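Visitor: I would like to learn how to read a sheet. Where do we start?

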Amino acid sequence: MNAVITGASGDIGQAIARAYAQKGYKVALCFHENKEAAEELAYEITRGGGMASAFSADLTSEQHVMLLEREVIERIGEPDVLVNNAGVSSQMLFGDVSLEEYDRVMDTNVKSTFLTTRAFLPYMIRNQKGSIINISSMWGQVGGSCEVIYSASKAAIIGMTKALAKEVGPSNIRVNCIAPGVIDTKMNAMHSEETMQELIDETPLMRLGTPRDIANVAVFLAGPRSTFMTGQVLGVNGGIVI
């Protein structure tokens with residue numbers, strides 16, 4: 001079994017990659033800038049008896065994604081699972097959002113998901129099986145103040161998930177979405193300690209989520225216990241959005 005994971009050098013991507021490797025998947029670790037983290041993870045997985053390779057690509061570039069596709073197929077094989085995890089955050093007043101910032105967020109979060117899915121989907125269609133897992137956000141479900149563009153990009157992921165699930169279901173391909181809540185990652189380092197505590201206090205389970213919480217659900221969505229699930233959005237948020 002083969003899994004392609006984008007954003008694999010980040011906290012959530014690394015946790016997802018480790019979880020799939022532990023289940024016996026050969027893992028393609030796709031990264032853009034953090035080469036050291038991706039290669040260290042590949043070494044860690046390989047040293048532990050698994051199989052993983054790191055691949056560099058700008059997923060907002062059609063040419064880069066086409067090259068990534070060829071390299072992954074040559075070195076890992078045709079994918080059984082694609083996890084679209086690459087993404088960036090953005091927090092500012094709506095009136096302060098420049099066109100450049102809008103393009104950065106939408107390209108990284110939405111365009112990359114489109115291009116990567118378009119590249120690897122034909123193999124799943126030909127094999128009449130596959131699981132695509134998109135990472136959205138709770139703000140894609142309900143919207144976040146001062147995170148309008150980020151929320152819009154993550155809402156687009158949800159819409160893409162539901163529509164594609166209908167389209168490729170007859171090919172026995174499932175498309176689902178995970179909408180994380182407040183997860184303890186470097187991406188949330190922008191928030192003050194006071195803000196993070198407020199978010200914990202608003203969460204019924206009274207803690208931050210962990211990257212492993214997201215990874216566990218990603219593995220579940222690709223596994224044998226979810227074979228009749230498609231087009232779904234699973235909120236992994238400790239109850240902060242219900």
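This is a predicted model: local features need pLDDT of at least 70, side-chain atom pairs count only at pLDDT 80 or more; totals for chains, interfaces and linings use all residues.

Visitor: How many bridges pair β2 and β3?

Guide: Strands of a sheet pair through backbone hydrogen bonds, either parallel or antiparallel. Pairing requires that DSSP finds at least two bridges between two strands. Strands (E, at least two residues) and helices (H or I, at least four) are DSSP runs, numbered from the N terminus. Here β2 (residues 26-31) pairs with β3 over six bridges, in the parallel sense.

Visitor: What is the order of the strands in the open sheet?

Guide: Seven strands run β3-β2-β1-β4-β5-β6-β7, with parallel pairing. β3 (51-56) and β7 (233-236) are at the edges; each has a single partner strand, so one side of each lacks a neighbour in the sheet.

Visitor: Which way do the side chains of β4 point?

Guide: In a regular strand the side chains alternate between the two faces of the sheet. From β4 (residues 81-84), Val-81 and Val-83 point one way, Leu-82 and Asn-84 the other. All are buried, meaning under 20% relative accessible area with a 1.4 Å probe, protein chains only.

Visitor: Which residues are opposite Leu-82?

Guide: Val-4 is its bridge partner, and Ile-132 in β5 stands opposite Leu-82 too.

Note on methods:
Residues are numbered from 1 along each chain as its sequence is written. Side-chain values use heavy atoms; hydrogens and water are left out. Buried means under 20% relative accessible area, exposed over 50%, partly exposed in between (1.4 Å probe, protein chains only).
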